[in-house]
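These notebook entries record what I looked up in one structure. I began with the terms and then turned to the atoms.

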Amino acid sequence: MTISQKELKKSKDLVEKLLKVNGNKYNDWLHQQHQQFIEGNQDLILQALSAFTGQEEEEEEKSELKANEQSAVKPTSIPVAQI
């Protein structure tokens, strides 16, 4: 559902007035709504962070393995027999 700017402004103005009547500020209320939404989605946030940090750890492990492999396999020189 798409909300027009006019509808959004109308709703915001009404909420601001209702909050003011109750002695509350709109920005304080909005911040509280954001916090509730974040708290309600903590599992999703933690899963995303875990996946992100898991990918970083995997990439670090792969980089370390490659570095170890490269240092372990050094080209050796073969002496050339002089005739």
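**Entry 1: a term.** I noted first that a helix here is a DSSP run of at least four residues, numbered from the N terminus. I also noted that the model is predicted.

**Entry 2: the aromatic pair.** I searched the whole structure for aromatic pairs and found one. Its members are Tyr 26 and Trp 29, with ring centres 5.8 Å apart and planes at 40 degrees, so I recorded the pair as tilted. For this step I needed the cut-offs: planes under 30 degrees apart count as stacked and those over 60 as edge-to-face, so the rest are tilted. Both residues lie in helix α2, which covers residues 26–40. Because Tyr 26 and Trp 29 are three residues apart there, about one helical turn separates them.

I then asked of Tyr 26: is it buried or exposed? Tyr 26 has a relative accessible area of 17% and is buried, since buried means under 20%. Trp 29, at 28% relative accessibility, counts as partly exposed.

**Entry 3: the protein chain.** I listed three helices and zero strands, and from the N terminus on the elements run α-α-α. Of the 83 residues in the protein chain, 2% are buried. I noted an accessible surface of about 8400 Å² for the protein chain. Carbon and sulfur atoms account for 56% of that surface.

**Entry 4: helix α1.** At 1.5 Å a residue, its 17 residues should span 24 Å, and the end C-alpha atoms are 24 Å apart, so the two values agree. The expected value follows because 1.5 Å is multiplied by one less than the number of residues. After α1 comes Gly 23, with a positive phi near 80 degrees.

**Entry 5: the salt bridge.** How many salt bridges does a search of the whole structure find? The search finds one. In it, the side chains of Lys 9 and Asp 13 meet at 3.1 Å, N to O. In general, side chains of opposite charge can pair when their charged atoms come close. Lys 9 and Asp 13 are four residues apart in helix α1, and therefore about one helical turn separates them. Asp 13 is partly exposed, with a relative accessible area of 27%.

**Entry 6: the nonpolar patch.** I located a nonpolar surface patch of about 350 Å², made by Ile 38, Ile 45, Leu 46 and Leu 49. Helix α3 (residues 42–72) gives the largest share of this patch, three residues. Ile 45 is placed in helix α3 and is partly exposed, at 37% relative accessible area.

Conventions: Residues are numbered from 1 along each chain as its sequence is written. This is a predicted model: local features need pLDDT of at least 70, side-chain atom pairs count only at pLDDT 80 or more; totals for chains, interfaces and linings use all residues. Side-chain values use heavy atoms; hydrogens and water are left out. Helices (H or I, at least four residues) and strands (E, at least two) are DSSP runs, numbered from the N terminus. Patches are made of residues with over 30% relative accessible area and no salt bridge: like charges are joined within 9 Å, nonpolar side chains (Val, Leu, Ile, Met, Phe, Trp, Tyr) within 5 Å. Accessible areas come from the Shrake-Rupley method with a 1.4 Å probe; for residues, only the protein chains shown count as cover. A salt bridge is a side-chain nitrogen of Lys or Arg within 4 Å of a carboxyl oxygen of Asp or Glu. Buried means under 20% relative accessible area, exposed over 50%, partly exposed in between (1.4 Å probe, protein chains only). Rings of Phe, Tyr and Trp (its six-membered ring) pair if their centres lie within 6.5 Å; planes under 30 degrees apart count as stacked, over 60 as edge-to-face and the rest as tilted.
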